[in-house]
Amino acid sequence: MSQESLFELQRLDTETQRLRHRRVNLEQRVTLEAALIEQAAHQVQIDAVGAARVEVATRQRRHEDEAQIVATKVEADVARLYGGEVQGVKELEALQHEIASLRERQAGFEDQAIEAMEEAEELAARVTSLEASRVDVDNRIEILQMDITVTEAEIDGELEQTALARSAAATGTSVELIAEYESLRPGFGSATIVRFDGSNCSGCPSVMPAMEVDRMKHEASDSILNCQECGRIVLR
Ligand SMILES: [Zn+2]
């Protein structure tokens, strides 16, 4: 049994942990989350402007229709004024007065229609600018997603290599020792197996009693020894 194989196995497990952690916590994923929130916010704005455009267009049409209706009345009144059916100064004055007031109303509706048209132009410009920003955020999202896919594939390749190397290291190690190591690893992590430096366990700061040191030195080389203080596997 090679002790170095066991250290190599421990190192490879730590590497696997590191790679998995990196895969889950990719920096690009955080950036992507933010970009997706930005994209959703853009969509809300685009939808709101779209709804406003419909409202403004409806309003513009209504005012144009109103102006048209009044204009038709004005035309009819003007025809009556010069048609000769209306006689009498008072009646003619009343008709003139009505025409003047109708023309005023017509101008009012026309002004409102123009205001709506101007609003529509502003909204159209706003849509153009929002859509340009949306294209920008869409592109960023696409690049990030590609970047994440590529990085994940790279990490997966490294994980595969690490798994292969671990299998190779495991074949050079005793099954019992691996089982013991695996049961202790959740508690000790990358320092589950430590070296005996000749007088102490290198995994903890406690000083080994002389009797324990003596026992360590005289045990068979393939026996599993644990530090009596911390419980780590100590290899000589
Ligand atoms: Zn120890």
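Let's start with two helices: H2, residues 27-83, and H3, residues 89-171, pack at an angle of about 165 degrees, with their axes 6 Å apart. Helices here are DSSP runs of H or I with at least four residues, strands are E runs of at least two, and both are numbered from the N terminus. An axis is a line fitted to C-alpha atoms, for helices over the stretch in contact, and the angle between N-to-C directions runs from 0 to 180 degrees. Before going on, keep in mind that this is a predicted model, where local features need pLDDT of at least 70, side-chain atom pairs count only at pLDDT 80 or more, and totals for chains, interfaces and linings use all residues. Residues are numbered from 1 along each chain as its sequence is written.

So how do H2 and H3 run relative to each other, parallel or antiparallel? Because of that angle, they are roughly antiparallel (angles under 35 degrees count as roughly parallel, over 145 as roughly antiparallel, 65 to 115 as roughly perpendicular and the rest as oblique). Their crossing is left-handed, meaning that the near helix is turned anticlockwise from the far one by less than a right angle; clockwise would be right-handed. Sorted by class, the contact of H2 with H3 has 30 nonpolar, 13 polar and 19 charged residues. For this sorting, Ala, Val, Leu, Ile, Met, Phe, Trp, Tyr, Cys and Pro are nonpolar, Asp, Glu, Lys and Arg are charged, and the others, Gly among them, are polar.

Now pick out leucine 144, which lies in H3. Is leucine 144 buried or exposed? It's buried, because 20 other C-beta atoms sit within 10 Å (buried takes 20 or more other C-beta atoms within 10 Å of a residue's own, exposed 12 or fewer, partly exposed anything in between, with C-beta atoms placed from the backbone). Skipping neighbours within four places in sequence, leucine 144 is in contact with Gln28, Thr31, Leu32 and Ala35; contact means C-beta atoms, placed from the backbone, within 7 Å. Glutamate 115 is 29 residues from leucine 144 in sequence, yet their C-alpha atoms are 43 Å apart in space.

Valine 150 is also found in H3, but it counts as exposed because it has 11 C-beta neighbours inside 10 Å. Between valine 150 and glutamate 93 there are 57 residues of separation in sequence and 85 Å in space, C-alpha to C-alpha.

Next comes H1. Its axis comes within 9 Å of the H3 axis, and the two cross at roughly 160 degrees. That angle is why H1 is roughly antiparallel to H3. This crossing is left-handed. On the H1 side, the residues making the contact include Leu9, Leu12 and Leu19, while H3 contributes residues including Ile155, Leu159 and Ala165. By class, the contact of H1 with H3 has 8 nonpolar, 3 polar and 7 charged residues.

Leucine 9 has its place in H1 and is buried, with 23 other C-beta atoms within 10 Å. Leaving out neighbours up to four places away, leucine 9 is in contact with Arg166, Ala169, Ala170 and Thr173. Its C-alpha is 10.0 Å from that of isoleucine 193, although 184 residues separate them along the chain.

Where is leucine 26? Leucine 26 is in the loop between H1 and H2. It is partly exposed, with 16 other C-beta atoms within 10 Å. Apart from residues within four places in sequence, leucine 26 touches Ile148 and Thr151.

Finally, look at the largest nonpolar core, a set of 13 residues in which Ile193, Cys201 and Val234 touch the most other members. A nonpolar core is a set of buried Ala, Val, Leu, Ile, Met, Phe, Trp, Tyr and Cys residues joined through C-beta atoms within 7 Å. At least two residues each come from helix H1 (3-24), helix H4 (175-188), strand E1 (193-195) and strand E2 (233-235). H1 gives the largest share, 3 residues. Beyond four places in sequence, the contacts of valine 234 include Val194, Phe196, Cys201 and Met216.

Methods:
Contact = placed C-beta atoms within 7 Å.
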